[in-house]
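The sequence and structure come first, and the description follows.

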Amino acid sequence: MGKKFVILVDMDDTIECLTDAWLERLNSQHGTHVTREDLTCWDFAKPFPTLTEEEVYAPLYDGEFWETVKPMQDACEVMKELIEYGHEIYIVTSSVHETISAKMTKVLFRYFPFIDWNHVIVAQKKQMIRGDILIDDGVHNLVGGDYVKILMTAPHNRDYDAEANDMIRVDSWEDIFQVIRSLSESSSGLQVGHCDVCGEENTEVVVCCSTCGAESFSYCKKCLAAGAEPYWPLVTYISMAGSRRDDINDAYNEIIDKTLNHLGIPEKRFWGDVRAVQ
Ligand SMILES: [Mg+2]
Ligand SMILES: [Zn+2]
């Protein structure tokens with residue numbers, strides 16, 4: 001019942017672990033001992049003062065290197081679940097053109113086969129892309145964007161004050177799932193209040209139009225799922241159409257049945273109340 005979103009998802013260090021593979025490659029190739037803790041800023045070359053910039057970035061241009069990039073934990077399962085729920089997912093990556101092909105075949109389509117090329121957007125300026133949410137580890141991709149900003153924690157952004165900059169920080173795909181679920185529910189009008197059907201107080205309700213006409217009521221999740229309507233408004237509504245089951249069409253009899261079953265009210269009492277208000 002939640003709202004469906006267009007979710008933009010960054011690739012490097014959001015759905016896969018580029019940093020880990022890259023560090024491992026450079027360390028084994030050049031005998032360095034740089035760890036994730038040493039990466040304090042976006043510039044990957046900084047903790048490698050003995051290497052040239054060309055040496056640092058060389059792996060990204062090597063197709064075989066991408067074979068060693070592994071998916072991030074739970075990314076696949078959570079994205080699949082979000083898609084099944086009805087959200088649309090687009091991968092938005094700011095890769096340089098030389099690396100795109102290897103990155104797609106050796107990482108994206110290999111580990112996330114449910115995402116096709118029609119759901120990939122290559123963009124250096126992600127703020128130009130329209131979507132409801134962007135999940136990204138790069139602060140510069142989130143700042144100024146017209147989307148809900150979810151910042152995936154990475155070594156280079158761990159000291160950044162996400163909250164002060166209108167971003168939601170997450171540490172895992174499990175976190176992402178929770179954040180999107182609650183955004184989806186709150187955007188759909190779910191609020192805490194009184195259920196007009198069962199009368200429960202302080203419960204999560206959604207305010208929506210009754211199936212019996214142009215009137216809105218609050219429904220808790222259980223009553224909404226049961227297809228039940230508030231009792232007295234239903235009595236009044238039905239009383240205008242007739243005074244016994246045969247007077248009412250099948251669709252309305254079904255609403256009556258669902259409501260009475262859900263509330264545990266005998267049918268005899270219902271029709272008595274209908275005749276009483278006529
Ligand atoms: Mg990234
Ligand atoms: Zn209820």
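The model is predicted, not experimental.

Helix α3 spans residues 75-85, and its residues A75, V78, M79 and L82 are buried. These residues lie on the same side of α3, because the arc they cover around the axis is only 100 degrees. An α-helix has 3.6 residues a turn, so residues three or four places apart point the same way. The exposed residues E77 and E84 sit on the face of α3 turned away from the buried side.

What do the buried residues of α3 pack against? Their partners are β1 (6-9), β2 (88-93) and α6 (173-187). After α3 comes G86, with a positive phi near 115 degrees.

The contact between α3 and α6 brings A75, V78, E81 and L82 of α3 up to W173, I176, F177 and I180 of α6. By class, this contact has seven nonpolar residues, one charged residue and no polar ones.

**Helix pairs**

| Pair | Angle | Axis separation | Crossing |
|---|---|---|---|
| α3 and α6 | about 20 degrees | 9 Å | right-handed |
| α8 and α9 | about 150 degrees | 11 Å | left-handed |
| α8 and α10 | about 65 degrees | 9 Å | right-handed |

With an angle of about 20 degrees, α3 and α6 are therefore roughly parallel to each other. The angle of about 150 degrees between α8 and α9 is over 145 degrees, the cut-off for the roughly antiparallel class, and α8 and α9 are therefore roughly antiparallel.

Helix α8 covers residues 231-239 and α9 covers residues 250-263. From α8, the residues Y231, L234 and I238 meet Y252, I256, T259 and L263 of α9. Six residues of this contact are nonpolar and one is polar, with no charged residue.

Helix α10 comprises residues 267-277. Here V235, T236, I238 and S239 of α8 meet F270, D273, V274 and V277 of α10. The contact of α8 with α10 divides into five nonpolar residues, two polar and one charged. I238 of α8 is named in the contact with α9 and also in the contact with α10.

**Single residues**

Is K149 buried or exposed? K149 is buried, because 21 other C-beta atoms lie within 10 Å and the cut-off for a buried residue is 20 or more. K149 belongs to strand β5, residues 148-152. Leaving aside residues up to four places away in sequence, K149 touches L134, L142, D166, M167 and I168. V139 is 10 residues from K149 along the chain, and the C-alpha atoms of the two are separated by 9.3 Å.

Two aspartates have a positive phi although they are not glycine: D13, near 60 degrees, and D74, near 70 degrees. D13 is in the loop between β1 and α1 (18-30), whereas D74 is in the loop between α2 (53-57) and α3. D13 counts as buried because it has 22 C-beta neighbours inside 10 Å. D74 has 15 such neighbours inside 10 Å and therefore counts as partly exposed.

Terms used: Residues numbered from 1 in each chain as written. Chains lettered and ligands numbered in written order. Predicted model: local features only at pLDDT ≥ 70, side-chain atom pairs only at ≥ 80, totals over all residues. Axes fitted to C-alpha atoms, helices over the stretch in contact; angles between N-to-C directions. Helix = DSSP H or I, 4+ residues; strand = E, 2+ residues; numbered from the N terminus. Parallel < 35°, antiparallel > 145°, perpendicular 65-115°, else oblique. Left-handed = near helix turned anticlockwise from the far one by under 90°. Contact = placed C-beta atoms within 7 Å. Nonpolar A, V, L, I, M, F, W, Y, C, P; charged D, E, K, R; others polar. Buried ≥ 20, exposed ≤ 12 C-beta atoms within 10 Å, placed from the backbone. Arc of directions from axis to C-beta.
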